[in-house]
Amino acid sequence: MLKIKNLHTAIEGTEILKGIDLEVNKGEIHAIMGPNGSGKSTLASVLAGRELFEITQGEIIYEGKNLLEMNPEERAKEGIFLGFQYPVEIPGVSMMNFLKTALNEQRKHKGMEPLKSSDFLKMVREKKELVQIDSNLTNRSVNEGFSGGEKKRNEIFQMAMLNPKLSILDETDSGLDIDALRIVANGVNSLKSEDNATIVITHYQRLLNYIIPDKVHVLYEGKIVKSGDKNLAFELENKGYEWLAKEVSTE
Amino acid sequence: MSIDAQSIDLKDRYLDYFYKNLEYLKDGLPAYINDKREKAIQTFQKKGIPHNKNEAYKYTDLNSAFEKQYKNYMHPKKIDFNLDDIFKCDVPELNTHVVLLLNGWFYENKTPRRQLPNGVIISSFREAANKYPSLIKKHYNQYADSESESLTALNTAFAQDGVFLYVPEGKVMDKPVQIINLLLDEEDGMAQHRNLFVIEESGEAKVIVCDHTLSEKNFLTNSVTEMYVGQNANLDFDRVQNEHNGSTQISNIYLHQEKDSNVLSNTITLHGGLVRNNFYMQLKGENCENQTLGLYLGDRSQHIDNYVHIDHAFPNCRSNQLFKGVLDDMATGAFSGRILVRQDAQKTEAYQANNNILLTDDAKMNSKPQLEIYADDVKCSHGGTSGQPNENALFYLRSRGIPYKEAQLLLMYAFAHEIIGQIRTPPLQDRIHELVEKRLRGELSRCNYCEIDCGDPGKN
């Protein structure tokens, strides 16, 4: 589904990703872990098409297409979803109008008719239950005045509405209490299928108690320095990133 | 030729018109109105036409607008048409008393709508001046500043007609008054109408003003509207300015609020060549509430300038100025907001903000707050922003599949909503939402069934 080959990116001349190789297949959950500043969020933004970053080398092939040639909206229509670390507040744009516009744009791309209002509302009700989001939140402006936890749940709610093929969840666990974490993880798990894939980006192992990854990668100073199965996450949790830093420097 | 020399020539042209036509101007109007003309023209002679060397007109030079030769300055146009044929306002469920000003003259409709419930009067200013002399004399030129504002003085010198609205004590209007200002002529023209609204104690009124240009001629409007809002009275003043690029509109609003009154003024500038709105809001009693709001959308070489002056003279009043603009292409805008809190006006709350979205590098906005505070126990604030649409928000919307253009529109629409959402007449609010959306999309901004396509970007 996704092949990243030797990806280098820079912002204002500073190289952040220094040669990433990663392959994600249908039905898989990948976790990308790493200390602050290792480039995790940059990788997420680059996958979603943020133009802030310059691609200096490498390629990204998604479903056989060159992802780097697509703008953010095209990527979304092709099934890529980014769960933001810091969801943006947009006063004056109602959640419902936003969701409806997004959903219908994606349907148009697939050659489908816009959703009827009644069907749309039914879908909203169903998906809201999945993430136990407060009814009132969908009557407000996008993320405006939402608490940290509400914002994160709202990301998963949007993910459920848009039903993406590849979801990238950027630190979706940060700032969540244990109950909210469970709700978010439950949402992600129930959306999992044989046809889609998820990349979970996290600093802590905690989330991976609830979302069991098929593969764990450790990002360190712009490179994936170690890959393994879910046990790598526990090892990291016990030994800390210091351990890896030493291992990398002795290589 | 220097600007000053030009202004003198220009000024002389207007003085000339005045003295040559003085008898005509006076004809049919009572002495208490005519007596003010000569003093007013002297003020105009002294002050001249404002240009960019005047601090208040730093960003709006009116010389070029006054320089154009207008064929018609002060004569009513005898155009026979049925209002219903030419103008059908299609705002659904907006049930209003419609009155029409054609080139500044009250247009006598075939079905006069004078007999209003509750003793409310809507009529030609000219007619009212003769019919209700004591009432009009009490208010006429009492709030407008013909002593130091040259264009207000020019209007006082030339004023012949306009709209008079009267709401008696304790009466509530059954429905809003809708004043439609139409500019329609086969030659370039100037209009200087004079409106007077009197809302007596505990009265309530809603006034909706729509400005339209109907023919592709150059027009210059220099209007004065005086509004008296009595104790505990309420006035909503909603305005939609929608004129073509060949028009210059100078609107001078003078508001006088008595104790416990509440006024909401909302000016939506959809389209216009050069627009200068002057708002002089005087809070002349305790516990007044005033909201002076505006939204302006400019493109190509349009220029929109809002000049607001709020005068807090008594304690415990609240005022809020909020002006927001979206400027595209080479459009320019200006905002100047003055808050004056006089010494006795303790416990004043006065806020001001001016926010702008500039869609191109060539679009320009000049914004100037002026706070003058002489009382010590007040809450005042001001703030301004000018910038591009929020990049983070744009990316967020796009990352969900919403195309760039649509995402930008959603954001501008949301930006405008803060003003439109304040309109207290729901059908009008819905309609303005639609018009603004269409305008932002670059589609026609005229109302669907109105014959007037004043907002057609293909014209002029």
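1. Strand E9 (residues 166-170) and strand E10 (residues 197-202) of chain A run parallel and are joined by 5 bridges. Strands here are DSSP runs of E with at least two residues, helices are runs of H or I with at least four, both numbered from the N terminus; two strands pair if DSSP finds at least two bridges between them.

2. Some housekeeping: this is a predicted model, where local features need pLDDT of at least 70, side-chain atom pairs count only at pLDDT 80 or more, and totals for chains, interfaces and linings use all residues. Residues are numbered from 1 along each chain as its sequence is written, while chains are lettered from A and ligands numbered from 1 in the order in which they are written.

3. In chain A, 6 strands make an open, mixed sheet ordered E6-E9-E10-E3-E11-E12. Strands E6 (80-83) and E12 (223-228) of chain A each have a single partner strand, so one side of each lacks a neighbour in the sheet.

4. Now the chain contacts: 19 residues of chain A are in contact with 17 residues of chain B (contact: C-beta atoms, placed from the backbone, within 7 Å). Helices H2 (72-77), H3 (95-109) and H5 (148-162) and strand E7 (90-94) of chain A each supply at least two residues of the side of chain A that touches chain B.

5. The buried residues of H10 of chain B pack against H2 and E7 of chain A, together with helix H11 (404-420) of chain B (buried: 20 or more other C-beta atoms within 10 Å of the residue's own, C-beta atoms being placed from the backbone). Among them are B:Phe395 and B:Arg398.

How values were computed. Contact = placed C-beta atoms within 7 Å. Buried ≥ 20, exposed ≤ 12 C-beta atoms within 10 Å, placed from the backbone.
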